[in-house]
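Subject: Structure handover

Hello,

Please find the structure below.

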2 protein chains.
Amino acid sequence: MATVKDVARLAGVSPITASRALNNPALVHPDTISKVKAAAKQLGYQPSRVAQGLRTGQTWIVMLSVKQKDTYDPLLFEFATGVSEACRENGYSLLIYPTDGIAELESFIGKVDGVILTDIKDHDARAERLSAELTIGAFGQTQYDVPQIDVDNMLGGQLGTRHLLMLGYRDIAFITSSSDLLFLQHREQGYVHCMKEAGLKPTIVYNSFDMHGGYAAMTSLERTPEAVFCASDSMAVGVLRYLHERNLRIPVVGYDGGYLTEITDPPLTSVKQPFFTVGKRLAEAMFECMSSGNIVRELVEPELVVKDSTWPRIE
Amino acid sequence: MATVKDVARLAGVSPITASRALNNPALVHPDTISKVKAAAKQLGYQPSRVAQGLRTGQTWIVMLSVKQKDTYDPLLFEFATGVSEACRENGYSLLIYPTDGIAELESFIGKVDGVILTDIKDHDARAERLSAELTIGAFGQTQYDVPQIDVDNMLGGQLGTRHLLMLGYRDIAFITSSSDLLFLQHREQGYVHCMKEAGLKPTIVYNSFDMHGGYAAMTSLERTPEAVFCASDSMAVGVLRYLHERNLRIPVVGYDGGYLTEITDPPLTSVKQPFFTVGKRLAEAMFECMSSGNIVRELVEPELVVKDSTWPRIE
DNA sequence: TTGAAAGCGCTAACAT
DNA sequence: ATGTTAGCGCTTTCAA
């Protein structure tokens with residue numbers, strides 16, 4: 001492993017000049033910079049994060065805090081992979097830490113440079129308490145002034161609804177959960193917006209946010225609608241099962257676009273959440289905040305992925 | 001943030017004595033140890049991994065190398081979570097790195113303390129080349145002398161088969177993929193072993209290792225068996241679909257025990273792979289190798305989880 | 001524009 | 001059993 005000293009010796013300068021040439025080129029003569037860079041390249045020099053960390057106080061570690069119960073959520077893994085990729089590109093390593101507790105999170109002050117929080121609330125105690133001590137990044141939306149990235153759920157609600165409208169359906173039910181969670185409210189608002197825009201009356205059914213809820217929601221409808229849009233793929237699985245059992249065949253659109261869309265019968269048209277992108281952008285936003293103090297708030301656009309559970313209406 | 005110096009001053013000893021009291025108590029007088037420990041506790045002293053790393057060469061980082069294509073595999077996430085938990089308990093942070101390339105892996109020599117390899121082969125070039133330079137841990141079985149943990153797939157094959165035998169079925173087909181992958185061969189061997197033990201003739205059908213393969217395998221059978229055991233849950237999904245379409249009702253057992261078993265209709269009886277435990281034990285085995293050089297080879301036992309896709313035979 | 005000295009926090013090697 | 005010295009690799013003073 002080559003060190004700055006080795007690079008400096010080969011370039012014929014002092015270690016500090018070599019260091020500056022690589023980190024703070026403005027202070028160094030152009031000729032010197034090229035000499036140093038050539039030497040560094042020749043030796044395959046990679047600065048030691050550890051030594052840098054000791055000097056600068058940076059740990060080069062960021063933590064991804066996930067709720068205990070989400071540990072097995074495959075969609076979260078996609079998000080984590082995006083975070084991981086951004087970390088790698090920026091030289092950070094990633095500590096995945098399953099916890100909800102603020103006290104536990106606080107014990108990491110000084111041991112990590114940043115914390116990524118999932119399941120963020122508008123008024124989030126973790127964001128409030130931690131943001132003073134270290135840089136945080138939030139998946140979702142919160143009132144606190146921290147870097148935050150979310151999926152544009154309003155748009156997602158519109159994408160699913162518009163798809164069914166464009167296929168010629170007018171009696172479209174929206175199946176979701178009653179909840180104070182912003183992301184569900186936004187999806188619903190997107191649906192309502194499109195329906196009203198088309199001069200149609202929204203039909204919204206609330207039930208539990210899983211397969212069984214989707215099934216139950218269908219049974220609670222007075223009559224079968226022309227088409228159904230679900231606030232999650234797992235609810236859509238329940239809807240499909242309901243339809244199967246009754247030999248009904250109407251279009252169904254899900255929301256998430258994950259592994260479930262592949263294994264349903266038929267494969268499920270769904271609003272795909274770009275979790276990988278969200279994870280990556282969020283980590284990048286956090287790094288940006290660390291270096292420049294700049295606070296990014298951003299919405300990432302979901303995308304409708306059409307499979308076989310939707311088709312044009314036949315008159 | 002308190003340092004050793006602070007602790008040492010409070011305890012009335014030199015920094016090195018404080019350090020030894022905490023890391024190498026054998027060399028220090030018991031009374032001194034208690035003084036130092038009390039001081040450390042009072043100050044909330046946490047040693048700086050960064051500074052330790054600089055001195056000792058340890059980075060306190062381990063890498064989890066996953067194949068690109070596996071990045072979104074929820075089962076792998078369960079494994080990763082286990083690894084992550086062991087890392088945390090031992091003070092390591094975890095770098096998740098999607099790659100198959102040896103060259104890329106080699107670039108991490110000196111930057112991480114250990115690498116966990118998934119998708120290990122019996123003759124694995126990565127294990128061979130890397131084990132000289134850093135500690136590795138392998139998920140699976142390999143001939144090289146590295147810490148390795150695997151699921152006992154032979155036992156898994158037996159668990160699924162025995163379950164169906166005990167329920168009274170004798171004409172049990174095994175649906176799997178033809179492959180040089182050890183884990184598939186072991187599951188098959190477990191099945192064959194139990195069938196022979198019961199004096200029955202094995203019926204094995206090979207097809208692709210996914211939902212479609214499961215479906216296709218069923219069509220290729222001359223007649224419908226009394227029961228089916230699949231080498232994966234996704235194959236079982238295909239089998240269930242085949243049965244649904246033909247209004248057939250025979251018991252089906254899957255293999256993996258993950259998220260799929262919840263969303264099939266009926267919920268799928270399956271051999272559950274303890275991926276979390278494997279991940280955790282593997283990381284621990286790797287840490288043990290780092291500290292003592294001891295090389296652990298271990299099999300973790302899978303467990304049959306009975307749901308509604310199997311029932312006793314009615315005469 | 002460049003360099004010399006110093007020190008981040010910790011611990012091995014060498015005293016005592 | 002304890003302390004002294006020194007240095008891991010890097011970068012922030014301060015000086016030239």
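The notes below start with conventions, then go through charged pairs and the sheet.

This is a predicted model: local features need pLDDT of at least 70, side-chain atom pairs count only at pLDDT 80 or more, and totals for chains, interfaces and linings use all residues. Residues are numbered from 1 along each chain as its sequence is written, chains are lettered from A and ligands numbered from 1 in the order in which they are written, and side-chain values use heavy atoms, leaving out hydrogens and water.

Salt bridges

Over all chains, the search gives 32 salt bridges (a side-chain nitrogen of Lys or Arg within 4 Å of a carboxyl oxygen of Asp or Glu). One of them joins Glu85(B) to Lys280(B), with the closest N and O atoms 3.3 Å apart. Glu85(B) lies in helix H5 (residues 74-89) of chain B and Lys280(B) in helix H13 (residues 275-292) of chain B, so the pair ties together parts 195 residues apart in sequence. Helices here are DSSP runs of H or I with at least four residues, and strands are runs of E with at least two, numbered from the N terminus. Glu85(B) and Lys280(B) are both buried (under 20% relative accessible area; exposed is over 50%, partly exposed in between; 1.4 Å probe, protein chains only).

Asp171(B) and Arg223(B) form another salt bridge, at 2.9 Å from N to O. Asp171(B) sits in the loop between helix H8 (153-166) and strand S6 (172-176) of chain B, and Arg223(B) in the loop between helix H10 (211-220) and strand S8 (227-230) of chain B, 52 residues apart. Arg223(B) is exposed, at 55% relative accessibility.

Lys307(B) and Glu262(B) also meet in a salt bridge, at 2.7 Å from N to O. Lys307(B) is partly exposed at 22%, and Glu262(B) is partly exposed at 48%. In chain A, Glu85(A), Arg88(A), Glu89(A) and Lys280(A) are joined into one network by salt bridges that share partners.

The sheet

Chain B has an open sheet of six strands in the order S7-S6-S8-S9-S10-S12, with mixed pairing (two strands pair if DSSP finds at least two bridges between them). Its edge strands are S7 (203-206) and S12 of chain B, each pairing on one side only. S8(B) pairs with strand S9 (residues 252-256) of chain B in the parallel sense, over two bridges. Val228(B) stands opposite Val252(B) in S9(B).

Regards
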